[in-house]
Amino acid sequence: MSTHQQNEAVVRECFAQATAGNFDALPGLVTEDYVLHPEGIGGAAGLTEMVQGHKSQIPDLSISVDHQFSHGDYVASRYTIRGHHVSG
């Protein structure tokens, strides 16, 4: 497996763990200088906070990765988010 494929696999695993609510796994998947664009969310703690907020309104939230592109240490993902919004 190439470095690009490994990096892309880590991003897919990050999506899977976050949407499953396994937030303790995130520090092992993202670095402290991780930034989610365009939101500017930083690190595992920022990602956890963002996903918890989304899941509080979309409890059955799921993400499917449609395409990924990588260059060096950078991975860009195009993904689809599905779920049902709850009022609250």
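The buried residues of helix α1 pack against helix α2 and against the strands β3 (62-71) and β4 (74-82). Keep in mind as you look around that this is a predicted model. The chain holds two helices and four strands, and reading along the sequence gives the pattern α-β-β-α-β-β. Here is a tour, starting with the whole chain and then moving to the two helices and a few of their residues.

**The whole chain**

- For 88 residues, a compact globule would have a radius of gyration near 12 Å, and the 13 Å of this chain agrees with that.
- Along its principal axes, the C-alpha trace spans about 45 × 25 × 20 Å.
- Of the 88 residues, 22% count as buried.
- Taking contacts between residues at least 6 apart in sequence, 42% of them join residues at least 24 apart.

**Surface and charge**

- The accessible surface of the chain comes to about 6,000 Å², and carbon and sulfur atoms account for 54% of it.
- The chain carries 4 positive and 10 negative side chains.
- The centres of these two charge sets lie 12 Å apart.

**Helix α1**

- Helix α1 covers residues 3-19, and its 17 residues should span 24 Å at 1.5 Å a residue; the end C-alpha atoms are 24 Å apart, which agrees.
- Its buried residues are Glu8, Cys14, Phe15, Gln17, Ala18 and Thr19.
- An α-helix has 3.6 residues a turn, so residues three or four places apart point the same way.
- Threonine 19, which belongs to helix α1, has a relative accessible area of 15%; that is under the 20% cut-off, so threonine 19 counts as buried.
- Which residues does threonine 19 touch, leaving out those up to four places away in sequence? They are Lys55, Leu61 and Ile63.
- Just after α1 comes glycine 21, which takes a positive phi of about 85°.

**Helix α2**

- Helix α2 runs over residues 43-57.
- At 1.5 Å a residue, the 15 residues of α2 should span 21 Å, and the 22 Å between its end C-alpha atoms agrees.
- The buried residues of α2 are Gly43, Ala44, Gly46, Leu47, Thr48, Met50 and Val51.
- What do these buried residues pack against? Their partners are helix α1 and the strands β1 (35-36) and β2 (41-42).

- Glycine 46 sits in helix α2 and is buried, with a relative accessible area of 15%.
- Glycine 46 and tyrosine 34 are twelve residues apart in sequence, while their C-alpha atoms are 9.4 Å apart in space.
- Threonine 48 also has its place in helix α2.
- Is threonine 48 buried or exposed? With a relative accessible area of 15%, threonine 48 is buried.
- Not counting residues up to four places away in sequence, threonine 48 touches Phe23 and Leu26.

**To take to the viewer**

- For the packing of the helices, start from the buried residues of α1, which pack against α2, β3 and β4, then turn to those of α2, which pack against α1, β1 and β2.

Terms used:
Residues numbered from 1 in each chain as written. Predicted model: local features only at pLDDT ≥ 70, side-chain atom pairs only at ≥ 80, totals over all residues. Heavy atoms only, no water. Rg over C-alpha atoms; globule rule 2.2 N^0.38 Å. Buried < 20%, exposed > 50% of the residue type's maximum accessible area, 1.4 Å probe, protein only. Contact = heavy atoms within 4.5 Å. Areas by Shrake-Rupley, 256 points an atom, 1.4 Å probe, with all protein chains shown as cover. Lys, Arg positive; Asp, Glu negative; His and termini not counted. Charge placed at Lys NZ, Arg CZ, Asp CG, Glu CD. Expected span 1.5 Å × (residues − 1).
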